[in-house]
Amino acid sequence: MGRTPRRVLEDVRRELTPGQRENRMVSAIEAGQAPLSALAELAAQQHRILTSDRRSLLVLAARCSDTPAGDWFSVLANGEGEALRLLDAFAVRCGLGPREMASRRARPGCQAYPSYVAWLALNGDPVGVVLALTANFATWGGYCAAVARGLRRHYGFDDADCAFFDFFAAPDPSADEVAVAVLEAAGLDAARIGTGRGYGQVLQAYELMFWNTLADLPS
């Protein structure tokens with residue numbers, strides 16, 4: 001094949017970069033044009049996503065319990081739990097208490113992403129899922145960094161209010177090293193790379209759908 005797992009990861013990440021596809025919600029937040037009601041809905045939909053993704057990652061961890069991938073998925077699940085805790089301050093700043101945030105109805109365009117992750121947890125090739133999720137982290141982290149800047153600059157949010165987004169905007173610098181080690185241990189071939197790339201393309205499409213669904217909400 002001629003490519004190391006590190007090179008494969010870099011190539012897939014570059015292929016999945018959103019490019020010219022416009023994230024209208026993040027652009028609105030950066031410009032200070034997103035209404036507070038849309039930010040509140042962002043918190044509510046994220047609460048659903050985090051709780052779902054945490055369970056999905058634990059399922060993947062159980063499926064891979066005797067391999068390094070199991071530990072990798074378990075660490076990610078713990079991160080989702082920490083993110084849930086940090087989300088509360090953002091939600092309260094947007095006018096939502098924890099109970100109200102949890103009771104908001106699911107919006108299909110926002111919940112397609114975690115639904116697909118749940119499908120991957122049951123049906124996906126775990127190595128392909130590692131590749132797809134790792135490649136998607138850069139996109140998600142970039143969006144979170146942009147949102148945090150916009151919230152501080154235009155909405156007067158403080159560090160506690162932005163902690164959820166800061167958490168994802170500044171991931172562990174060793175995360176790629178760990179993912180590469182997992183991929184090396186599992187083994188990569190052309191079929192698995194293609195599978196992971198396909199998973200990643202769907203995740204990227206649903207990621208953008210999440211944000212633009214929020215952008216299209218009535219003010």
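The following dialogue goes through a predicted model and shows how some of its features can be read.

Colleague: Let me start with burial: which residues of helix α1 are buried?

Modeller: A residue counts as buried when its relative accessible area is under 20%. In helix α1, which runs over residues 5–15, the buried residues are P5, V8, L9, D11 and V12. These residues cover an arc of only 165° around the axis, which puts them on the same side of α1.

Colleague: Against which helices do the buried residues of α1 pack?

Modeller: The buried residues of α1 pack against α7 (126–154), α9 (175–186) and α10 (190–215).

Colleague: Where does L188 lie, and how many residues separate L188 from R3 in sequence?

Modeller: L188 lies in the loop between α9 and α10, and its relative accessibility of 17% means that L188 counts as buried. In sequence L188 and R3 are 185 residues apart, and in space they are 9.4 Å apart, taken from C-alpha to C-alpha.

Colleague: Now I would like to read pairs of helices, so what is the angle at which α3 and α6 pack?

Modeller: An angle under 35 degrees counts as roughly parallel, and an angle over 145 as roughly antiparallel. Helix α3 (residues 36–63) and helix α6 (residues 108–123) pack at an angle of about 10°, with their axes 8 Å apart, and the two helices are therefore roughly parallel to each other. Among the residues that meet in this pair are I49, S52, S56 and L60 in α3 and Y113, V117, L120 and A121 in α6.

Colleague: And are α6 and α10 roughly parallel or roughly antiparallel to each other?

Modeller: α6 and α10 pack at an angle of about 155°, with their axes 6 Å apart, and they are therefore roughly antiparallel to each other. Residues of α6 including G109, Y113, Y116 and W119 meet residues of α10 including V202, Y206, F210 and L214.

Colleague: How should I read α7 and α8, and which residues make the contact between them?

Modeller: α7 and helix α8, the latter covering residues 159–169, pack at an angle of about 160° with their axes 7 Å apart. That makes α7 roughly antiparallel to α8, and the crossing of the two helices is left-handed. The contact is made by residues including W140, C144, A148 and L151 of α7, together with residues including C162, F165 and F168 of α8.

Colleague: Where is F90 found, and with which residues is F90 in contact once its neighbours within four places in sequence are left aside?

Modeller: F90 is found in helix α4, which covers residues 68–93, and at 0% relative accessibility F90 counts as buried. Leaving aside its neighbours within four places in sequence, F90 is in contact with L39, L42, A43, L151, F157, D161 and F165. The C-alpha atoms of F90 and R152, which are 62 residues apart along the chain, are separated by 12 Å.

Terms used:
Residues are numbered from 1 along each chain as its sequence is written. This is a predicted model: local features need pLDDT of at least 70, side-chain atom pairs count only at pLDDT 80 or more; totals for chains, interfaces and linings use all residues. Side-chain values use heavy atoms; hydrogens and water are left out. Buried means under 20% relative accessible area, exposed over 50%, partly exposed in between (1.4 Å probe, protein chains only). Helices (H or I, at least four residues) and strands (E, at least two) are DSSP runs, numbered from the N terminus. The arc is that of the directions from the helix axis to the C-beta atoms. Contact means heavy atoms within 4.5 Å. Axes are lines fitted to C-alpha atoms, for helices over the stretch in contact, and angles run from 0 to 180 degrees between N-to-C directions. Angles under 35 degrees count as roughly parallel, over 145 as roughly antiparallel, 65 to 115 as roughly perpendicular and the rest as oblique. A crossing is left-handed if the near helix is turned anticlockwise from the far one by less than a right angle, and right-handed if clockwise.
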